[in-house]
Amino acid sequence: MTTIAVTGHMDLTEDSVPLVRTALDELLKQYADDSELVGVSCIAKGADSLFAEAVLAVGGRLTAVIPSQDYRQNKVKPDHAVLFDFLVEAAEEVLVLPHETANRQAYEAANAILIERADRLVAVWNGEPPSGKGGGTADTVLEAQAACIPVDVVWPDGAARVS
């Protein structure tokens with residue numbers, strides 16, 4: 001079994017989405033015949049959901065990690081709700097963390113589960129250092145590296161974040 005977790009930016013520009021989707025499809029293509037592929041994702045808008053879709057597209061199984069009890073109600077925006085709900089339904093396992101509110105602690109706890117379960121980490125990441133707030137993409141990359149988990153950085157030419 002190969003378990004790959006994802007961390008990445010939520011605020012990809014509209015033009016970046018197809019670039020990142022193609023790069024993730026290309027990266028995961030090598031697992032297309034691996035019936036034991038498990039993707040672990042918080043299925044947030046942007047990188048997490050693109051990765052989850054790519055895992056399902058190659059026949060992998062999805063584990064969704066939901067950071068808090070109120071995440072769906074208070075953090076999933078209307079433009080992401082249909083895909084979020086689809087991915088929750090498609091997931092073989094859904095872990096809803098016990099945090100009542102989606103906050104830094106909840107995100108850090110979710111990221112800890114990603115690291116704990118991962119054989120590899122895919123980071124849809126522009127390489128910028130941590131913000132200092134905790135729970136972000138760069139923080140998760142550093143935690144994976146500290147745990148000796150291989151990290152595949154995906155940031156195709158032309159990818160950008162909404163500024």
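Helices, in the sense used here, are DSSP runs of H or I with at least four residues, numbered from the N terminus, and by this assignment Thr140 has its place in helix H6, which covers residues 137-146. The model is a predicted one.

Apart from neighbours within four places in sequence, Thr140 is in contact with Thr7, Asn111, Ile115 and Leu121.

Ser16 lies in helix H1, which runs over residues 16-28, and because its relative accessibility is 0%, this residue too is classed as buried. The side chain of Ser16 makes a polar contact with the side chain of Thr13 at 2.6 Å. When residues up to four places away in sequence are not counted, Ser16 touches Gly158, Ala159 and Ala160.

How many of the eleven residues of H2 are buried? Eight of them are, so the helix is largely enclosed by the rest of the structure. The residues concerned are Ala47, Asp48, Ser49, Leu50, Phe51, Ala52, Ala54 and Val55. Just after H2, Gly59 adopts a positive phi of about 85 degrees.

**The two helix pairs**

Two packed helices are described by the angle between their axes and by the distance between those axes.

| Helix pair | Angle between axes | Distance between axes |
|---|---|---|
| H2 (residues 47-57) and H4 (residues 78-90) | about 40 degrees | 11 Å |
| H1 and H2 | roughly 40 degrees | within 9 Å |

For the pair of H2 and H4, an angle of about 40 degrees makes H2 oblique to H4, and H2 passes H4 in a left-handed crossing. On the side of H2 the contact involves Ser49, Ala52, Glu53 and Leu56, which meet His80, Leu83, Phe86, Leu87 and Ala90 in H4. By class, the residues of this contact divide into six nonpolar, two polar and one charged.

For the pair of H1 and H2, the axes cross at roughly 40 degrees, which makes H1 oblique to H2, and the crossing is right-handed. H1 contributes Val17, Val20, Arg21, Leu24, Asp25 and Leu28 to this contact, while H2 contributes Ala47, Leu50, Phe51, Glu53, Ala54 and Val55. The contact of H1 with H2 has nine nonpolar and three charged residues, with no polar residues. Glu53 of H2 takes part in the contact with H4 and also in the contact with H1.

An α-helix has 3.6 residues a turn, so residues three or four places apart point the same way. Among the H2 residues that meet H4 are Ser49, Ala52 and Glu53, whereas Leu50, Phe51 and Ala54 are among those in contact with H1.

**Val82 in helix H4**

Is Val82 buried or exposed? Val82 is found in helix H4 and counts as exposed, because its relative accessibility is 69%, the cut-off for that term being over 50%. From C-alpha to C-alpha, Val82 and Thr63 are 18 Å apart in space, and their separation in sequence is 19 residues.

Technical notes: Residues are numbered from 1 along each chain as its sequence is written. This is a predicted model: local features need pLDDT of at least 70, side-chain atom pairs count only at pLDDT 80 or more; totals for chains, interfaces and linings use all residues. Side-chain values use heavy atoms; hydrogens and water are left out. Helices (H or I, at least four residues) and strands (E, at least two) are DSSP runs, numbered from the N terminus. Buried means under 20% relative accessible area, exposed over 50%, partly exposed in between (1.4 Å probe, protein chains only). A polar contact is a pair of N or O atoms within 3.5 Å; within protein, one must be able to donate a hydrogen and the other to accept it, and residues adjacent in sequence count only if both atoms are side-chain atoms. Contact means heavy atoms within 4.5 Å. Axes are lines fitted to C-alpha atoms, for helices over the stretch in contact, and angles run from 0 to 180 degrees between N-to-C directions. Angles under 35 degrees count as roughly parallel, over 145 as roughly antiparallel, 65 to 115 as roughly perpendicular and the rest as oblique. A crossing is left-handed if the near helix is turned anticlockwise from the far one by less than a right angle, and right-handed if clockwise. Ala, Val, Leu, Ile, Met, Phe, Trp, Tyr, Cys and Pro count as nonpolar, Asp, Glu, Lys and Arg as charged, and the others, Gly among them, as polar.
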